[in-house]
Every structure is written in C-alpha cells, then in structure tokens.
Amino acid sequence: MKSFKNNFFVKTTYAYVNLVYIIFLFIITVLLITTIYGLLSHSNVINSSLLNSNLFGLWAKDKSITENTFWLFILIVNASIVAGIYYCLKRLNAFLKNVYEDKPFIKENGKHLKIIGILIMFFSTLIYLIKIFTLQNNVPVTSLLLKYLFLFANIISSLFNPYLIIGLVIFVIGEVIISAVEIKEEQDLTV
C-alpha cells in the first residue's frame with residue numbers, strides 16, 4: 001500500500017490546513033490587539049467600532065434594539081464563531097496529521113470528525129437563524145399573517161442549509177471511522 005506521506009493531495013491538504021490554522025491565529029491576535037488598543041485609547045469606542053464589528057455580516061441595521069446591550073451580543077456571537085472556527089481548524093489539523101502519519105483509522109480521527117461536524121452544524125444553523133430574524137425585521141410586510149408565513153418559510157429553508165448537510169456528512173464519516181476501528185479491534189481479538 002502506498003504511504004500517505006507520498007500522496008500529493010494528502011501532503012498538500014495537510015500543508016494548506018496547517019498554514020490556514022497558523023495564519024488564522026495570527027489574524028485573530030492582530031484583531032484582538034487592535035480592539036484592546038481601541039478600547040484603551042478611545043472613550044467612545046463602544047458607539048463607533050464595536051457596534052460596527054459585524055465580522056460575518058449577520059446583523060441588519062435595526063435601531064429598535066437598544067445599542068448598549070446589542071453591541072455586547074454581537075461581540076459575543078462573533079467571538080464564539082471565531083473560537084469555533086479556530087477549534088475546527090485545530091481538530092482538522094490533528095486529523096490530517098494522523099492521516100499524513102499513516103494512521104487514518106483510529107478512534108481519535110473519528111472523534112475529531114464528529115466534533116467538527118457538530119460545530120459546523122451548530123454554527124451554520126446559528127448564523128442562518130440570526131440572518132433570518134434580522135432579515136425579518138427589515139422586510140416590509142402588509143399583514144401579520146404574511147409576516148409569520150415569511151418567518152415559517154425561512155425557518156423551514158434553514159433545514160436545507162448546505163453547511164448543515166456538510167456537517168451531517170462529516171459527523172457520519174466520523175461515526176464510520178469509529179465503527180471501523182471497533183470492528184477491527186473485535187476481529188483482532190477473535191483471531
């Protein structure tokens with residue numbers, strides 16, 4: 001059997017994910033330093049930069065929400081998404097390292113994939129629902145019935161979110177790897 005270390009696609013993918021993992025950490029560090037510097041140097045930073053820190057384009061401009069509490073919610077959601085992306089990259093990097101070292105079928109890889117799948121499903125659903133509810137407040141609807149039908153249609157369409165399906169597939173692949181390892185362990189014990 002050909003080693004994964006000699007496979008062009010495995011080497012390239014491992015190098016690429018490792019590079020993105022390192023660069024992502026650097027970018028987040030720079031963003032944190034500039035945010036902390038802005039907090040320390042400007043007294044009115046809450047009304048200027050933190051309210052406009054819409055990293056993922058989730059928030060529509062809606063003035064009905066009090067800005068003093070809303071900026072904190074935006075900051076918490078953005079920080080949790082960034083932390084989730086970083087954690088997924090860390091797990092993906094560990095998975096690809098194991099594959100590169102010719103250990104693709106170990107329980108650890110299945111656990112990595114299952115966690116990545118769960119995080120993708122959670123954050124994609126969170127992002128999709130936030131976009132639905134902020135969009136709902138900005139769409140002029142003539143009647144209350146149409147407004148609730150619009151909301152219901154958007155919630156149903158979130159079930160067909162492509163990232164949700166990708167997360168489910170990654171989760172299932174993790175389960176398959178764990179099952180394959182358990183079947184191999186059982187066979188090794190019976191022989």
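Analyst: The chain holds six helices and zero strands, where helices (H or I, at least four residues) and strands (E, at least two) are DSSP runs numbered from the N terminus, and along the sequence the pattern reads α-α-α-α-α-α. This is a predicted model, in which local features need pLDDT of at least 70 and side-chain atom pairs count only at pLDDT 80 or more, while totals for chains, interfaces and linings use all residues. Residues are numbered from 1 along each chain as its sequence is written, and side-chain values use heavy atoms, with hydrogens and water left out.

Of the 191 residues in the chain, 29% are buried; buried means under 20% relative accessible area, exposed over 50%, and partly exposed in between, with a 1.4 Å probe and protein chains only. Among the contacts (heavy atoms within 4.5 Å) with a separation of 6 or more, 69% are between residues 24 or more positions apart.

Now to the aromatic pairs themselves. The structure holds four of them, a pair being rings of Phe, Tyr and Trp (its six-membered ring) whose centres lie within 6.5 Å, with planes under 30 degrees apart counted as stacked, over 60 as edge-to-face and the rest as tilted. Tyr14 is buried, with a relative accessible area of 18%, whereas Tyr100 is partly exposed at 24%.

Another pair is that of Phe122 and Phe123, whose ring centres are 5.1 Å apart and whose planes stand at 70°, so the pair is edge-to-face. Here Phe122 is partly exposed, with a relative accessible area of 48%, while Phe123 is buried, with 13%.

Tyr16 lies in helix α1 (residues 8-41) and counts as exposed at 56% relative accessibility; its C-alpha atom is separated by 9.5 Å from that of Asn93, 77 residues away along the chain. Asp102 sits in the loop between α3 (67-100) and α4 (107-138) and is partly exposed, with a relative accessible area of 36%. Asp102 has a positive phi of about 60° although it is not a glycine. Most residues other than glycine have a negative phi.
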